[in-house]
Amino acid sequence: GGNVTMWAIIGLLACGAALTLGPVVYNTMEKVQTFLVLLIVFVVVLGTILTFNASSWAAFAQGAVSFGYMPEGIDMAFILGAIAYAGVGGAGNLAQSSFIRDRGYAMGKYIGRVVSPITGKPEEFRATGYLFPMTEENVDRYKKWFSAANLEQFWVFFVISLATIVLVSMFAYNTVYGADFVANTMDFIYQEGFVFEAMIGSWFRVLFWIMIGACLFSTELGVLEMSARLTSEIIYTQWLRDNPAWRLDKVFFLVLWFVIACGVLILGLGLNQPLILLVIGAALNGIVMFLYSAHLLWLNTRVLPRPLGPGLVRFLILCWAIAFFGYFSLKLIADLPAKLGIV
């Protein structure tokens, strides 16, 4: 309710304040996201139990094995965006290595963290890190550590993401699937709440909307932090690491508040329809995934020592990612002239 644009701007400023005032940026992210994710998972599981429908799960099972099916008239930007956003998506997975560093795992202990310029204690930061000697013992340690990192990725970014995507999709299927107001708007989320109220009670409508707010705020906080983190690290490492007047945390907060200012300006100019912004952001994320998949392949095969590089399976998966996101990205770009009315 109320002025939606104003609430959106308040959300951006709240994210900026939270990230700026916490002494260590990663620690702030970890605490806030832990609370939000636990809330989201609790509501999703509770809602699944209260709205269980055997026929819906049968339809899901059928859809899950319908490979190659593409609904008529679906926008390629929607497809690319949905895939790019699934399970953090886009640049979010790139930022994971930076989070591991700031958490102090493995060699990250020796590099330094992004700290608040207001409440944090300055730390020495080494832009290019260290490379340990390629001894048999060290490589064995690395493999054990990498196995642990993979396990975290599997549970957080695959299992939990897949489960919540399936269950939230089931919510929509059980409540508003096929309704007239669903097409090309975000109103279905609002209307889902009223359907839940009729099915369960007003208390769950409120709880469902709170969960949706937590999902969106969690994403907003994460995307702002991750985009500022990746951008600032590229700028600092490439051009400012030898300049004593600049620290990584200073670059980080300049980038963060520049992005927030751009967001406020965009909203203030009237581009405030969530679906339009979501599709634009998602489509760009898909293109970014195409570019960074190629970059990761080069980095891991040309820069890392061979014992630390990807095995055959990972090599093939990276090649597949380049081809997959490359196809959708090129298809999206090819469709742009028609969408813009140029041809």
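With which residue does R103 form a salt bridge? The partner is E30, and the closest N and O atoms are 3.2 Å apart. A salt bridge here is a side-chain nitrogen of Lys or Arg within 4 Å of a carboxyl oxygen of Asp or Glu.

The structure is a predicted model, in which local features need pLDDT of at least 70 and side-chain atom pairs count only at pLDDT 80 or more, while totals for chains, interfaces and linings use all residues. Residues are numbered from 1 along each chain as its sequence is written, and side-chain values use heavy atoms, with hydrogens and water left out.

Side chains of opposite charge can pair when their charged atoms come close. A search of the whole structure finds 10 salt bridges. Helices are DSSP runs (H or I, at least four residues), numbered from the N terminus.

R229 forms a salt bridge with D102. Here R229 lies in helix α8 and D102 in helix α5, so parts that are 127 residues apart in sequence are tied together. The side chains of E124 and R126 also meet in a salt bridge. The table gives the N to O distances of these pairs.

| Salt bridge | N to O distance |
|---|---|
| R103 and E30 | 3.2 Å |
| R229 and D102 | 3.0 Å |
| E124 and R126 | 3.4 Å |

The burial of these residues can be described by relative accessible area (buried means under 20%, exposed over 50%, partly exposed in between, with a 1.4 Å probe and protein chains only). R103 is partly exposed at 39%, and E30 is partly exposed at 30%. R229 is buried, with a relative accessible area of 0%, and D102 is buried at 1%. E124 counts as exposed at 57%, whereas R126 is partly exposed at 37%. R229 and D102 also belong to a network of salt bridges that links them with R101, E225 and E233.

## Nonpolar cores

In soluble globular proteins, nonpolar side chains tend to be buried together. A nonpolar core is a set of buried Ala, Val, Leu, Ile, Met, Phe, Trp, Tyr and Cys residues joined through side-chain atoms within 4.5 Å. The largest such core has 26 residues, of which L19, V25, F99, L224, Y236, F252 and L256 touch the most other members. At least two residues of this core come from each of α1 (4-21), α2 (25-50), α5 (91-103), α8 (202-240) and α9 (248-268). The largest share, eight residues, is supplied by α9.

Apart from its neighbours within four places in sequence, L224 is in contact (heavy atoms within 4.5 Å) with L12, C15, L256, V259 and I260. A second, separate core has 14 residues, including I40, F171, F196 and A214.

## Aromatic rings

The structure holds 23 aromatic pairs. Rings of Phe, Tyr and Trp (its six-membered ring) pair if their centres lie within 6.5 Å; planes under 30 degrees apart count as stacked, over 60 as edge-to-face and the rest as tilted. The ring centres of F171 and F196 are 5.3 Å apart and the planes stand at 80°, so this pair is edge-to-face. F171 lies in helix α6 (residues 136-175) and F196 in helix α7 (residues 187-199), so the pair ties together parts that are 25 residues apart in sequence. Both F171 and F196 are buried.

W203 and F204 form another edge-to-face pair, 5.6 Å centre to centre with 85° between the planes. W203 is partly exposed at 46% relative accessibility, whereas F204 is buried at 0%. Ring pairs link F171, F196, W203, F204 and F208 into a cluster.

## Helix α9

The 21 residues of α9 reach 30 Å from the first C-alpha to the last, close to the 30 Å expected at 1.5 Å a residue. The expected span is 1.5 Å times one less than the number of residues. Among the buried residues of α9 are L248, F252, L256, I260 and G263. What covers the buried residues of this helix includes α1, α2, α5, α8 and α10 (274-303). Just after α9, G270 takes a positive phi of about 105°.
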